[in-house]
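Student: Please take me through this model by question and answer, with the cut-offs stated as they come up.

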Amino acid sequence: MKLLALLAPLALFALTACQSGGAGGTGPSSVTGSVSYRERIALPPNCTVEVKLLDVSLADAPATIIGQAVINNPRGVPVPFRITFDPARIDQTRRYSVSARITSGGRQLWISDRSNPVLTQGHPSHIEVVVVLAEH
């Protein structure tokens, strides 16, 4: 009987972890999508598009980079991307978002200005990210 009393909480913990996905879910190992902007302006030559998958779970702490993609000299918008990552780094109880920016010659031209949630809490692994003109 004592053994049963000791094992019951452990069994409940294991069941809860399995139902919530626990740490390191077996979901997708990449986030895909595209980056675009609303302005009718061509991308400058020699620009770079940087897209990051971030853990944004902690409100008063910097986001943790889970993965990123860098696309040099894209042909035009929308710019497709694929961010690969280790699925063991994804915790189904945390929140993840994709951010993007477009730079040229060391200047930031466009940047994402809103949350683009992915992967957990019912959010997809494919997303369209719209960036806005950066203030200069």
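Student: Which residues is V98 in contact with, leaving aside neighbours within four places in sequence?
Tutor: This is a predicted model, in which local features need pLDDT of at least 70, side-chain atom pairs count only at pLDDT 80 or more, and totals for chains, interfaces and linings use all residues. Residues are numbered from 1 along each chain as its sequence is written, and side-chain values use heavy atoms, with hydrogens and water left out. Contact means heavy atoms within 4.5 Å. On that basis, the partners of V98 are V31, V51, K52, L53, F81, N116, V118, I127 and V129.

Student: Which residues touch the most other members of the largest nonpolar core?
Tutor: A nonpolar core is a set of buried Ala, Val, Leu, Ile, Met, Phe, Trp, Tyr and Cys residues joined through side-chain atoms within 4.5 Å. Buried means under 20% relative accessible area, exposed over 50%, and partly exposed in between, with a 1.4 Å probe and protein chains only. The largest such core has 27 residues, and those touching the most other members are V31, V35, V51, L53, F81, V98 and I102.

Student: Which elements give two or more residues to this core?
Tutor: Helices (H or I, at least four residues) and strands (E, at least two) are DSSP runs, numbered from the N terminus. In soluble globular proteins, nonpolar side chains tend to be buried together. The contributors to this core are strand 1 (30-37), strand 2 (47-55), strand 3 (64-72), strand 4 (79-84), strand 5 (96-104), strand 6 (107-111) and strand 8 (126-133).

Student: How many aromatic pairs does a search of the whole structure find, and which residues form them?
Tutor: Rings of Phe, Tyr and Trp (its six-membered ring) pair if their centres lie within 6.5 Å; planes under 30 degrees apart count as stacked, over 60 as edge-to-face and the rest as tilted. The search finds one pair, which is stacked at 4.0 Å centre to centre with 10 degrees between the planes, formed by Y37 and W110. It links strand 1 to strand 6 across 73 residues of sequence.

Student: Why does the salt bridge of R101 with E50 tie together parts that are apart in sequence, and how many residues apart are they?
Tutor: A salt bridge is a side-chain nitrogen of Lys or Arg within 4 Å of a carboxyl oxygen of Asp or Glu, and the closest N and O atoms of R101 and E50 are 3.2 Å apart. R101 is partly exposed at 32% relative accessibility, whereas E50 is buried at 19%. Because R101 lies in strand 5 and E50 in strand 2, the pair ties together parts whose separation in sequence is 51 residues.

Student: How far apart are the closest N and O atoms in the salt bridge of R94 with D55?
Tutor: R94 sits in the loop between strand 4 and strand 5, and D55 in strand 2, 39 residues apart. R94 is partly exposed, with a relative accessible area of 27%, and D55 is buried at 11%. The closest N and O atoms are 2.7 Å apart.

Student: How many salt bridges does a search of the whole structure find?
Tutor: Besides the pairs already discussed, R114 forms a salt bridge with D113, the closest N and O atoms being 3.8 Å apart. R114 is exposed at 59% relative accessibility, and D113 is partly exposed at 49%. The search finds three.

Student: Is N46 buried or exposed?
Tutor: N46 is found in the loop between strand 1 and strand 2. Its phi is positive, about 60 degrees, although N46 is not a glycine. With a relative accessible area of 60%, N46 is exposed.

Student: Which residues does a cis peptide bond join?
Tutor: P78 is placed in the loop between strand 3 and strand 4. The bond has an omega of about 0 degrees, and the residues joined are V77 and P78.

Student: Where does pLDDT stay under 50?
Tutor: pLDDT is the predictor's confidence in each residue, from 0 to 100. The chain mean is 84, and 79% of residues reach 70 or more. Where pLDDT is low, the predicted coordinates should not be read in detail. The model has 12 contacts beyond four places in sequence for the stretch under 50, which is residues 3-24.
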